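Here are a few exercises to work through with the model open beside you. Try each one before you read its solution.

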Amino acid sequence: MDEAAVRDLLREVEDPDLGDDIVSLGLVNDLEVDGDAVSVSLALGAPYAPHETEIAERVREVLTAEGLEPRLSASVPEEFSPAEQVMPGVKNVIAVASGKGGVGKSTMAVNIAAGLSEMGAKVGLFDADIYGPNVPRMVSADQRPRTDGDTITPPEQYGMRLMSMDFLTGEDDPVIWRGPMVHKIITQLVEDVEWGELDYLIMDLPPGTGDTQLTILQTLPLTGAVIVTTPQDVALDDATKGLRMFGKHDTNVLGIAENMSGFKCPDCGGFHEIFGAGGGKQLAEEQDLPFLGGVPLDPDVRTGGDGGEPVVLEGGETADAFKVITENVANNAGVVRRREVSRRR
């Protein structure tokens, strides 16, 4: 079987999100036929995303059914990988943001990062909240970064490489900086931290739409952003402001994640919608964005956030809710990357 015949076979493989076959979409980077062995390079840019795993498995099925031996690899060409041009080795940079504080944004960022790592991805977690860094406490990170004077090597926890402003200040010291200093330290952390090879770098942004967010949007080509909200109207109003900020900088929003979606009473078994119901999903529908999922109020989330194991790594309904959000984030990052390749080919 020659290359043209193999390409015709691959037209049977549909992209579940983009609505066409992978050949027509330009998602086959390269193809080599050597007897019964077929080497296929696919333009898949979100490692361990369930939908991209399905595409690869479908390619294997189609080729194997014809008696061929598939040898698959996956990569997005460098010209379609702006993140790697700024941070060599980092395939996807995903910001987790909120319009206001107190909605559980850092909790969401930690659990998305830990969930991706649990799936098998190489993950970094960048606590970019200059004024209120708390990710090291949330993941019980006792080790500090190492430096040789030129580069900073981040410590690891739960399979994630960590960097936080908290590592660079004294314990309990307040950070009182104006905009230019914020820009300088964020830029330095981006340029000087040795992240190594990462599938995903999750950035926990501070709440609001201030200097830190602007610096990151101007410095880093983000794969996309996750907007975190709670169901009540005041949180939704501020989440909308965050959406507009990313829209003004042409940054993809991967979806809306809702925290504190309700409380299941362990004593009576009743479900109480303390902060209202369906606000995050309604916002996603109004903005024509994906709803990534909702996470209930759960004491285990608080325990995990106070230095216990991230809830996503445990069992139970709340862990499953975080896993759904994590998988949706990865899937939607994959859509962004594949759509970009398809559009430019």
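**Exercise 1: a buried aspartate**

Aspartate 204 is buried, at a relative accessible area of 0% (buried is under 20%, exposed over 50%, partly exposed in between, with a 1.4 Å probe and protein chains only). A word on the ground rules: this is a predicted model, where local features need pLDDT of at least 70, side-chain atom pairs count only at pLDDT 80 or more, and totals for chains, interfaces and linings use all residues. Residues are numbered from 1 along each chain as its sequence is written, and side-chain values use heavy atoms, leaving out hydrogens and water.

Task: find where aspartate 204 sits and which side chain it joins in a polar contact.

Solution.
1. Look in strand β10, residues 200-204 (strands are DSSP runs of E with at least two residues, helices runs of H or I with at least four, both numbered from the N terminus).
2. Its side chain and that of lysine 105 are joined by a polar contact of 2.7 Å (a pair of N or O atoms within 3.5 Å; within protein, one must be able to donate a hydrogen and the other to accept it, and residues adjacent in sequence count only if both atoms are side-chain atoms).
3. Leaving aside residues up to four places away in sequence, aspartate 204 touches several others, among them Val96, Ser106 and Phe126 (contact means heavy atoms within 4.5 Å).

**Exercise 2: a threonine in a helix**

Task: is threonine 326 buried or exposed, and which backbone oxygen does its side chain reach?

Solution.
1. Threonine 326 belongs to helix α11.
2. With a relative accessible area of 1%, threonine 326 is buried.
3. Its side chain reaches the backbone oxygen of phenylalanine 322 at 2.9 Å.
4. Not counting residues up to four places away in sequence, threonine 326 touches Asn111, Ile112, Gly115, Leu116 and Met119.

**Exercise 3: two crossing helices**

Task: at what angle do the axes of α2 and α11 cross?

Solution.
1. The axes of α2 (residues 50-65) and α11 (residues 317-344) cross at roughly 65° and come within 7 Å (axes are lines fitted to C-alpha atoms, for helices over the stretch in contact, and angles run from 0 to 180 degrees between N-to-C directions).
2. On the α2 side, Pro50, His51, Glu52 and Ile55 make the contact; on the α11 side, Glu327, Asn331, Gly334 and Arg338 do.
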